[in-house]
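Work through the exercises below with the structure open beside you. Try each task before you read its solution.

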2 protein chains.
Amino acid sequence: MGSNLLIASMLPVIEAKLQQVVSRLDEPRTRIFHEMLTYHLGWSGDGAGPDATGKRIRPLLVLLSCAACGGNWQNALSAAACLELIHNFSLAHDDIQDGSILRRSTLAVWKKWGMAQAINVGDALFILAQLTLLEQNNLFPPEITLKAGALINTACLELSTGQFLDLAYEDRADMTIDDYLAMISGKTAALLSACTQIGSVLGGADDVIQQKYRSFGHFLGLAFQMQDDYLGIWGDMELTGKSIESDLVAGKKTLPVLFGLKKQGEFARRWAEGPISYAEVRDLSEQLAKEGAKLYTQHFAEEMTDLALQSLRSAAPHGEAGSALYDLTNILLNRQS
Amino acid sequence: MGSNLLIASMLPVIEAKLQQVVSRLDEPRTRIFHEMLTYHLGWSGDGAGPDATGKRIRPLLVLLSCAACGGNWQNALSAAACLELIHNFSLAHDDIQDGSILRRSTLAVWKKWGMAQAINVGDALFILAQLTLLEQNNLFPPEITLKAGALINTACLELSTGQFLDLAYEDRADMTIDDYLAMISGKTAALLSACTQIGSVLGGADDVIQQKYRSFGHFLGLAFQMQDDYLGIWGDMELTGKSIESDLVAGKKTLPVLFGLKKQGEFARRWAEGPISYAEVRDLSEQLAKEGAKLYTQHFAEEMTDLALQSLRSAAPHGEAGSALYDLTNILLNRQS
């Protein structure tokens with residue numbers, strides 16, 4: 001990620017901004033609450049460090065999109081921090097909802113401090129996100145901050161409905177690939193498209209260019225999720241940081257699984273019989289590949305990647321930030337973890 | 001509550017506004033999600049109706065404070081709906097955190113649809129609250145909406161830290177009455193003071209008057225919580241709608257309990273021995289009263305009520321809305337449930 005100099009220079013500034021926002025909770029009575037948030041954000045406790053913070057993709061997209069439209073990215077730091085905090089709010093709640101024990105190779109907050117406090121950690125991250133955005137107040141006309149707030153919260157509503165669909169589909173045998181696309185549009189693409197659009201809004205782009213940035217983020221999100229689904233079955237388990245769990249064992253209805261179910265072949269037959277054990281994972285993922293799900297997922301992800309890059313090109317991003325957006329896209333979509 | 005004509009005329013308008021906001025989720029894919037929210041808000045499912053909606057105290061405080069400052073309360077409807085949705089977001093999460101099976105005499109959302117979806121219901125209510133506020137945009141200068149947003153989210157952060165303290169104190173033997181006051185300032189008073197202050201902001205009051213409205217809401221919140229604590233032990237169980245659970249059985253460290261623990265008498269001795277059974281509730285609540293906790297709680301609540309009324313008087317609220325604020329205060333603080 002640090003291969004690009006501009007990105008490398010932004011990362012510590014993002015981190016400092018996030019730490020400043022979260023430090024509002026660093027008061028005598030709420031010190032442990034503060035610790036829960038700093039742990040979740042990867043700064044304290046077991047495993048703290050760059051691996052635990054995550055890649056900060058969302059704030060980078062905000063800052064780079066702003067700069068690529070000719071804006072001063074330093075002015076977009078509040079919005080960037082806001083979007084990273086929203087991402088982390090959703091992760092804190094997701095981990096409880098999915099019963100995920102690990103988050104970025106360390107114990108999930110709910111596993112460490114209990115479910116009740118983890119709900120509260122997510123809530124506080126969301127609230128801090130809102131406050132952070134409202135604080136950029138003096139750098140932009142108030143109308144711009146209100147527009148950013150509406151875009152962000154509209155994306156959050158899509159995030160929440162996407163999460164509803166994800167949970168609802170767990171119990172549905174007839175989930176289709178269309179259902180999947182609706183779900184990941186909310187769960188992954190909505191926030192990324194908000195990042196790129198808001199970056200362009202703060203960078204002073206006109207409405208047409210804003211829509212192109214939005215579209216770039218949207219397809220980037222879809223491609224990213226499909227890549228994630230691919231890695232969840234055929235990725236190197238050690239690199240994904242998701243313990244040794246395969247998405248097959250978790251029973252997640254990801255894109256390759258839905259493809260396999262539609263095929264109604266050997267894979268679908270086995271899936272219908274009930275939970276898949278660790279011992280079966282290797283053979284069953286090979287079977288799924290043989291039925292065409294691996295190629296299908298790769299191609300679909302590539303199509304979304306192409307659309308993302310087309311949108312980005314048509315937005316004509318400027319200078320070093322523009323190159324960095326291409327770099328970031330390539331890094332994200334060629335990742336092994 | 002409907003004894004006052006102005007209040008009676010506001011209630012259906014608040015309800016219609018809330019329904020309009022929540023209807024954003026009334027789409028084919030998210031119909032069940034929409035149902036979860038309408039159930040939580042008291043409009044659908046078993047027990048739907050006025051008892052299940054709650055009293056809508058928060059939106060009434062916003063509208064009445066606005067009108068009492070000379071503003072048009074219809075313009076404050078978005079802010080009023082926002083604050084009611086925030087209250088309901090916190091209830092949805094509280095019920096999970098506390099393991100409360102009933103909410104306003106009907107099953108809590110988590111008990112009906114599971115914990116994962118209930119977290120999501122809370123999140124969606126909170127997001128809708130933010131969107132609703134931002135939509136009032138055209139009725140006020142953008143600076144005013146930003147100010148309201150900052151006040152609301154600052155109150156939410158206090159709500160969240162109050163909830164952190166509440167959960168953290170469960171396991172602490174040395175919780176003091178000061179700790180209690182810090183906790184309820186966040187959990188109850190913060191949102192009520194935001195309601196009254198924002199009402200006055202939207203009503204066009206100056207900073208001095210805004211602070212008086214804020215102060216009114218703050219003390220009203222403290223008095224309300226102390227009254228709630230009183231009813232949780234000595235209130236008529238059938239009227240509280242909290243099943244047959246007494247706060248004593250739940251082991252909640254409310255104001256009377258903390259008073260009793262500080263006394264180190266018979267009540268404190270029994271409390272230290274472990275969970276209290278239903279069979280003991282009557283004798284133990286009488287013992288606690290005998291040790292002075294009942295009078296202490298009543299007096300403390302009355303003191304807070306006096307401060308609330310003093311603040312209100314000094315804000316010199318106008319007309320019918322002004323009288324309605326006094327009425328509402330009296331109704332709230334003399335309630336039996």
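## Exercise 1: Two copies

Task: Through which surface do the copies meet?

Solution. Start with the interface residues of chain A. Of these, 100% are also interface residues in chain B, so the copies meet through the same surface. Keep in mind that this is a predicted model.

Next, superpose the chains. A rotation of 180° with 0.0 Å of shift along its axis places chain A on chain B, with an RMSD of 0.0 Å. That is how a two-fold axis relates two copies. Now look along chain A for the C-alpha nearest the axis: it belongs to A:Pro142 and lies 2.9 Å from the axis.

## Exercise 2: A helix pair

Task: At what angle do the axes of α10 and α13 of chain A cross?

Solution. Two packed helices are described by the angle between their axes and the distance between the axes.

- Step 1: find the helices. In chain A, α10 covers residues 207-234 and α13 covers residues 255-263.
- Step 2: take the values. Their axes come within 8 Å and cross at roughly 75°.
- Step 3: classify. Angles of 65 to 115 degrees count as roughly perpendicular, so α10(A) is roughly perpendicular to α13(A).
- Step 4: list the residues. From α10(A), A:Met226, A:Asp229, A:Ile233 and A:Trp234 meet A:Leu255, A:Pro256 and A:Val257 of α13(A).
- Step 5: sort by class. This contact has six nonpolar, no polar and one charged residues.

## Exercise 3: Helix α13 in chain B

Task: Which residues of α13 in chain B are buried?

Solution. Buried means under 20% relative accessible area. In α13(B), B:Leu255, B:Pro256, B:Val257, B:Leu258, B:Phe259 and B:Gly260 are buried. Then ask what covers them. The cover includes α9, α10, α12, α14, α15 and α16 of chain B. Finally, step past the helix. B:Gln264 follows α13(B) and has a positive phi, near 55°.

## Exercise 4: A proline and a core

Task: Is B:Pro59 buried or exposed?

Solution. Locate B:Pro59 in helix α4 of chain B, residues 57-68. Its relative accessible area is 0%, so B:Pro59 is buried. Leaving aside neighbours within four places in sequence, B:Pro59 is in contact with B:Ile14, B:Ala80 and B:Glu84. B:Glu84 is 25 residues apart from B:Pro59 along the chain, yet their C-alpha atoms are separated by 5.8 Å.

Task: Which residues have the most contacts inside the largest nonpolar core?

Solution. The core has 196 residues, and A:Ile86 and B:Ile86 have the most contacts inside it. Take B:Ile86. Beyond four places in sequence, its contacts are B:Phe126, B:Ala129, B:Ile152, B:Cys156, B:Leu159 and B:Leu191.

How values were computed
Residues are numbered from 1 along each chain as its sequence is written. Chains are lettered from A and ligands numbered from 1 in the order in which they are written. This is a predicted model: local features need pLDDT of at least 70, side-chain atom pairs count only at pLDDT 80 or more; totals for chains, interfaces and linings use all residues. Side-chain values use heavy atoms; hydrogens and water are left out. A nonpolar core is a set of buried Ala, Val, Leu, Ile, Met, Phe, Trp, Tyr and Cys residues joined through side-chain atoms within 4.5 Å. Buried means under 20% relative accessible area, exposed over 50%, partly exposed in between (1.4 Å probe, protein chains only). Contact means heavy atoms within 4.5 Å. Copies are superposed by least squares on the C-alpha atoms of residues with pLDDT of at least 70 in both. Axes are lines fitted to C-alpha atoms, for helices over the stretch in contact, and angles run from 0 to 180 degrees between N-to-C directions. Helices (H or I, at least four residues) and strands (E, at least two) are DSSP runs, numbered from the N terminus. Angles under 35 degrees count as roughly parallel, over 145 as roughly antiparallel, 65 to 115 as roughly perpendicular and the rest as oblique. Ala, Val, Leu, Ile, Met, Phe, Trp, Tyr, Cys and Pro count as nonpolar, Asp, Glu, Lys and Arg as charged, and the others, Gly among them, as polar.
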